[in-house]
Amino acid sequence: MTRAFLVVMDSVGIGGAPDADQFYNGTKPDTGANTVAHIAQACANGRAEEGRSGPLHLPNLDALGLGAATRLASGATTPGLEAAPTGRWGCAREHSLGKDTPSGHWELAGLPVPWDWHYFPDTTPAFSAELSSVAAEAAGTDRILGNCHASGTTIIADLGEEHMRSGWPICYTSADSVFQIAAHEESFGLDRLLEMCRALAPRLHKMKVGRVIARPFVGTPELGFTRTTNRKDFAILPPAPVLTNWAQDAGRPVHAVGKIGDIFSMQGIDTLRKGSDAELVLHLSDLVDESEDGSLTFANFVEFDSLYGHRRDISGYARALEWFDHEIGAILQKMRPDDLMLFTADHGNDPSWSGTDHTREQAPVLIAGQGSGEIGRVEFADIAASIAHYLNIPAQGPGRTFL
């Protein structure tokens with residue numbers, strides 16, 4: 001019986017979004033952003049030599065069609081990614097009016113976002129006095145720190161010491177529809193941070209803020225602060241069934257890897273495996289070995305985005321892609337004859353671009369286990385429809401199968 005593995009390479013966009021001019025990093029539109037092509041070009045030009053060297057080397061993803069998909073989406077050159085594809089490949093466009101995690105994942109799972117998200121203004125303060133007061137009350141403190149748009153690593157470096165001294169939580173946002181709360185795991189307490197997020201989430205979801213995110217960190221002012229893997233997203237519930245529900249309702253086991261459980265609030269999900277990307281790739285490998293006939297595995301690898309894209313670290317992003325490609329090569333060798341594994345992305349985060357936010361891009365569609373050939377330009381929702389078709393379960397979204 002067939003099994004399907006949907007693997008989201010978080011932020012690994014391939015440029016070419018037709019509406020990129022409507023999305024911004026600061027005052028600069030995302031027109032021309034291209035995560036994969038610009039990394040490949042930087043590597044070829046010797047501008048990504050920290051911890052690695054030479055042209056971008058992704059033999060497994062390129063064999064599936066990564067370079068070809070990037071050229072199809074944007075027409076950009078992809079030095080080092082010039083293989084003739086042996087997998088099925090194409091590019092996908094998102095229609096939801098966002099370039100964030102919920103928008104991308106919901107639509108990949110068959111549900112274009114049916115409303116406009118609420119975004120906080122890029123001002124200081126970013127939050128209303130009422131919301132700031134409610135956040136402080138949820139924390140049991142007199143006030144909050146931050147109250148602005150910020151990089152998560154920068155704001156804990158800037159405010160971590162004051163947070164530990166005062167006990168006030170660090171609240172901030174970004175160009176995404178998010179309310180993020182950073183707090184020290186020991187001096188503030190991880191359970192207290194999670195409870196604060198849980199208490200605030202219903203109010204923020206009612207405002208159509210997509211996620212309340214707990215961002216725990218450890219460290220000292222003297223040695224510096226580091227975020228931990230105990231992040232938790234409190235996401236708004238999808239307002240209609242998605243791919244995971246379709247599969248579960250058809251009696252199929254559904255396994256989530258990474259932040260998929262948070263994104264979908266565990267809707268339609270039977271098991272969840274979390275950890276760093278290094279741990280997640282082991283979980284995915286185990287599921288290729290062990291998951292049941294007829295099952296769906298939905299995985300997200302976030303560190304391309306969280307560690308390198310937002311920090312505009314081209315070398316780091318290239319290293320992460322090369323590591324992932326190597327690990328995936330071993331996993332692909334273990335697939336069963338009737339398995340399908342589809343690699344895609346939820347948005348872009350071009351590390352060569354201005355600003356620190358996501359970039360509006362198309363996503364690759366790279367399919368192992370279904371022969372070779374171009375599928376052309378498709379929609380995000382077509383991915384869910386295609387996986388449902390492959391698993392022989394009813395699809396309820398607007399997408400059409402390309403299989």
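Which residues in helix 7 are buried? I noted that the model is predicted, that local features need pLDDT of at least 70 and side-chain atom pairs pLDDT 80 or more, while totals for chains, interfaces and linings use all residues. Numbering runs from 1 along each chain as its sequence is written, and side-chain values use heavy atoms, without hydrogens and water.

**Helix 7**

I listed Glu185, Phe188, Gly189, Leu193, Leu194, Met196, Cys197, Leu200, Ala201, Leu204 and His205 as buried. Buried means under 20% relative accessible area, exposed over 50%, partly exposed in between (1.4 Å probe, protein chains only). Helices (H or I, at least four residues) and strands (E, at least two) are DSSP runs numbered from the N terminus. I then looked up the cover over these residues; it includes helix 5, helix 6 and strand 8. Just after the helix, Lys208 has a positive phi of about 70°.

**Annotated site**

I checked the unreviewed UniProt entry: its "binding site" annotation covers Asp305, His310 and His358. Such annotations may be inferred rather than shown by experiment. They are spread over 54 residues of sequence, yet the largest C-alpha distance is 8.4 Å.

**The two histidines**

I found His310 in the loop between helix 11 and helix 12. His310 is partly exposed at 25% relative accessible area. The backbone oxygen of Thr356 lies 2.6 Å from a polar side-chain atom of His310. His358 sits in the loop between strand 14 and strand 15. His358 counts as buried, at 2% relative accessibility. Contacts of His358 (heavy atoms within 4.5 Å), leaving out residues up to four places away in sequence, include Asp305, His310 and His347.

Conventions: A polar contact is a pair of N or O atoms within 3.5 Å; within protein, one must be able to donate a hydrogen and the other to accept it, and residues adjacent in sequence count only if both atoms are side-chain atoms.
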